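Biologist: I would like to learn how to read a structure feature by feature. Please give the general idea each time, then the case at hand.

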Amino acid sequence: MTNNIRIERAIKRITQQQLAEMVQVSRQTINAIEQGKYVPSTVLAIKISAVFDKSVNDIFQLEDGD
């Protein structure tokens, strides 16, 4: 799964820490999601998408084989 959280954060001008606080996880969790090392739960994906006022599909994309 890929994502464009880093791009969306840049558009909103928020840090990983700020996003983490908004969705109630650690900064390390946001970092791991951005790097593709961690796939968020459905609830977390929805929370992240809501911060950016976008659909989950606008933030997260499945790759071949997912």
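Modeller: Start with burial: a residue is buried under 20% relative accessible area, exposed over 50%, and partly exposed in between, with a 1.4 Å probe and protein chains only. Helices (H or I, at least four residues) and strands (E, at least two) are DSSP runs, numbered from the N terminus. This is a predicted model, in which local features need pLDDT of at least 70 and side-chain atom pairs count only at pLDDT 80 or more, while totals for chains, interfaces and linings use all residues. Residues are numbered from 1 along each chain as its sequence is written, and side-chain values use heavy atoms, with hydrogens and water left out.

Biologist: Which residues of helix 3 are buried?

Modeller: Helix 3 covers residues 27-34, and its buried residues are Ile-30, Ala-32, Ile-33 and Glu-34. Their cover includes strand 1 (2-3), helix 1 (5-12), helix 2 (16-23), helix 4 (42-51) and strand 2 (60-61).

Biologist: What is the largest nonpolar core made of?

Modeller: In soluble globular proteins, nonpolar side chains tend to be buried together. A nonpolar core is a set of buried Ala, Val, Leu, Ile, Met, Phe, Trp, Tyr and Cys residues joined through side-chain atoms within 4.5 Å. Here the largest one has 14 residues, and Ile-5, Leu-19, Val-23, Ile-48, Phe-52 and Phe-60 have the most contacts inside it. At least two residues of this core come from each of helix 2, helix 3 and helix 4. Helix 4 gives the most, with four residues.

Biologist: Which residues is Phe-52 in contact with, leaving aside its neighbours within four places in sequence?

Modeller: Contact means heavy atoms within 4.5 Å. With those neighbours left aside, Phe-52 touches Ile-5, Glu-8, Arg-9, Lys-12, Ile-14, Leu-19 and Ile-59.

Biologist: Is Ser-49 buried or exposed?

Modeller: Ser-49 sits in helix 4 and counts as buried because its relative accessible area is 2%. A polar atom of its side chain lies 2.9 Å from the backbone oxygen of Ala-45. Beyond its neighbours within four places in sequence, Ser-49 is in contact with Lys-54, Ser-55, Val-56, Ile-59 and Phe-60.

Biologist: Where is Lys-54 found?

Modeller: Lys-54 is in the loop between helix 4 and helix 5 (56-59). With a relative accessible area of 36%, Lys-54 is partly exposed. Glu-8 is 46 residues away along the chain, and the C-alpha atoms of the pair are separated by 9.7 Å.

Biologist: Which residues have a positive phi although they are not glycines?

Modeller: Most residues other than glycine have a negative phi, and most peptide bonds are trans. Arg-13 has a positive phi of about 60°, and Asp-53 has one of about 55°. Arg-13 lies in the loop between helix 1 and helix 2 and is exposed, at 75% relative accessible area. Asp-53 lies in the loop between helix 4 and helix 5 and is exposed as well, at 72%. Just after helix 3, Gly-36 takes a positive phi of about 80°.

Biologist: What lines the largest cavity?

Modeller: Rolling a probe the size of a water molecule over the atoms shows where empty space is left. On a 1 Å grid over the protein atoms alone, a cavity is a set of points where a 1.4 Å probe fits but cannot get out, and lining residues have an atom within 4 Å of a point. The largest cavity is lined by Met-1, Asn-3, Ile-33, Gly-36, Tyr-38, Val-39, Pro-40 and Phe-60.

Notes:
1 Å grid on protein atoms, 1.4 Å probe; cavity = no way out; pocket = protein on both sides within 12 Å on 5 of 7 lines; lining within 4 Å. Polar contact = N/O pair within 3.5 Å; in protein donor to acceptor, adjacent residues only side chain to side chain.
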